[in-house]
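Let's take a friendly walk through this protein chain, one region after another. Keep the 3D view open beside the text so that you can find each residue as it comes up.

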Amino acid sequence: IAQLLGLLLSPELPNQASMFFHASIGTSYHLQSTCILRTNFLRDGFCKGKDTQLDECDQQAPCQFEGIGWVDAAGLRENSQSFARLFGIIPKEVAACTISVTLPSDILRVSPKPIVTLTRVLQNERSVAVQIPLDGGSRLGEGTFLGELSDLLCRSNASMKDTWDFSDKKQMKKWWKKRIDLDEELSALMQRVDEEILGPYTVFLQGEATKNLESLDSKVRSLCSLLELTPRTADLLRLVVLHARHYTAVQICVQLRAVLASSATTQAVGNKELKALSESIKAAASGLPPLAEFSPGPVLLALDGQCQPFPWESLPSLGGQEFYRVPSMSYVHRAHARVASSEPGAAADLNWSNAYFLLNPSGDLVSTQTCFESWFAEQQGWAGLAGEAPDNSALIDMLSLKDIFLYFGHGTCEQYISKSTMEKLKRCSPVFLMGCSSARLSKNHMSHGRGFLLSYLLAGSPIAVGNLWDVTDKDIDRFAKEVLENCLSSEGGDEGRLTANSIMRARKACKLTRLTGSSPVYYGLPPNLWKR
């Protein structure tokens, strides 16, 4: 229901549409988080012999139980308190975006085709919502790019499971040709999504300028004199100007229409005026310093269960942008509350001298163990196991006490620690999961994502890095080694932090930069988000 309401309210009411889309995407996570918090609160009270009441729990953790992730009727009002409550904690230079797919509805008949809806929100209510119809049938996957991705990954998995004799040079050459062909096919698919589906709307997934604001604002002020624009429109115009060098004048016209539609402006703007403005924007942008000098801020990306499997972060036009996937706004609020209360392990800054690793616990990833075992053993303060399965209680202790958990095995490590056990943890270290499909979330009956990776986040982990699909061990080892070397050295550029930039830079270390390099994604929040 929330998704359909968001669809009906966009693009004319972007604030309200954004709230409903965030509510729709975050419903399952919000309910899980609420249930776990209440269960643990009651359990702790029972163990201490207290007569614990739920209302006492609600008073002690208000941010979890104020309905974050839900929107009440008051949220339909412009400039509502619901909007401020939901997005007010996000720093002003950080954008919160959603991407959702709505299937044709026989009840409301919103559209005869699937629709991709993209929303973007900033703290001070600069928001935009756009709808992009897809070619395809009533079921997701019928002729859509998501169906093509699913088919491609099925063929990729089959190529890895087939029996190959790698001592035979012909077999080896044939295997590599198949893998390279798949890599090129994925690259072509991502190029098509970038150019033909999102097209000019990729600008709304780009970061806000955080430096050199005066030089940018002076350009925007001069452009605003061409049209009588509202302050909100002018703010969105700044984003368009910042990234205009990467778009054509025709694409900028499309972006301006979306900006005007989302800005509640009463002024009618004709095609001639839009064309003149877009050409002026192109001219103004050509005189700006390089994009890197504006240091674009991070983007928090919330995806519904349909969109979650796609590697949006690796689209060609977004390759330099810093993305942090979040399961819901309730996750952001909970993280903010933990940081505000100075909970141990709440921040995403890592002490790399206090790491725990689990390397090849199943014993069949010999090349991975060979690649990392001696290097990990040399790291001061590191503890872990190589070539053997962990004891359940010891693993629980390590997740609770260490500052980073490095996992090089199959899947998400779920075979060594249960979901129910994870939910009882009061603290969970950041996790770096290099198993196949470790960040893949399957769809539940409400098309929301579910998976064991969310259990780490629900347990309080500020970071969870994992793979969207199955990958080959040697190629993902190259990626992992690049990430860890950058984080452990003083030359990494992020002062030893594990960030989305760390993931982005390391993709190039893979031989198959799309088929392997696009698989890892970052769930969590930027380090020191609230110190910016």
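Ile25 has a relative accessibility of 8%, and because buried means under 20%, this residue counts as buried. Please keep in mind that you are looking at a predicted model. Ile25 belongs to helix α2, which covers residues 14-47. If you look across from Ile25, you will find Ala302: the two C-alpha atoms are separated by 7.1 Å, although the residues are 277 apart along the chain.

Now turn to the nonpolar core. Which residues touch the most other members of the largest nonpolar core? They are Trp312, Phe405, Phe432 and Leu498, in a core of 144 residues. Helix α9 (residues 231-242) supplies the largest share of this core, with 7 residues.

Next comes a pair of helices. Two packed helices are described by the angle between their axes and the distance between the axes. For helix α10 (residues 249-261) and helix α11 (residues 271-286), the axes come within 9 Å and cross at roughly 115 degrees. Angles of 65 to 115 degrees count as roughly perpendicular, and α10 and α11 are therefore roughly perpendicular to each other. Their crossing is right-handed.

Which residues of α10 and α11 meet? From α10 come Ala249, Ile252, Cys253, Leu256, Arg257 and Leu260. On the α11 side they meet Asn271, Leu274, Lys275, Leu277, Ser278, Ile281 and Lys282. The residues of this contact divide into 8 nonpolar, 2 polar and 3 charged.

Finally, visit two loops, each with a residue whose backbone deserves a look. Phi of Ser295 is near 45 degrees, a positive value in a residue other than glycine. Cys413 also has a positive phi without being glycine, here near 80 degrees. Its place is in the loop between β8 (404-408) and α15 (419-424).

Cys413, with a relative accessible area of 1%, is buried.

Key:
Residues are numbered from 1 along each chain as its sequence is written. This is a predicted model: local features need pLDDT of at least 70, side-chain atom pairs count only at pLDDT 80 or more; totals for chains, interfaces and linings use all residues. Side-chain values use heavy atoms; hydrogens and water are left out. Axes are lines fitted to C-alpha atoms, for helices over the stretch in contact, and angles run from 0 to 180 degrees between N-to-C directions. Helices (H or I, at least four residues) and strands (E, at least two) are DSSP runs, numbered from the N terminus. Angles under 35 degrees count as roughly parallel, over 145 as roughly antiparallel, 65 to 115 as roughly perpendicular and the rest as oblique. A crossing is left-handed if the near helix is turned anticlockwise from the far one by less than a right angle, and right-handed if clockwise. Contact means heavy atoms within 4.5 Å. Ala, Val, Leu, Ile, Met, Phe, Trp, Tyr, Cys and Pro count as nonpolar, Asp, Glu, Lys and Arg as charged, and the others, Gly among them, as polar. Buried means under 20% relative accessible area, exposed over 50%, partly exposed in between (1.4 Å probe, protein chains only). A nonpolar core is a set of buried Ala, Val, Leu, Ile, Met, Phe, Trp, Tyr and Cys residues joined through side-chain atoms within 4.5 Å.
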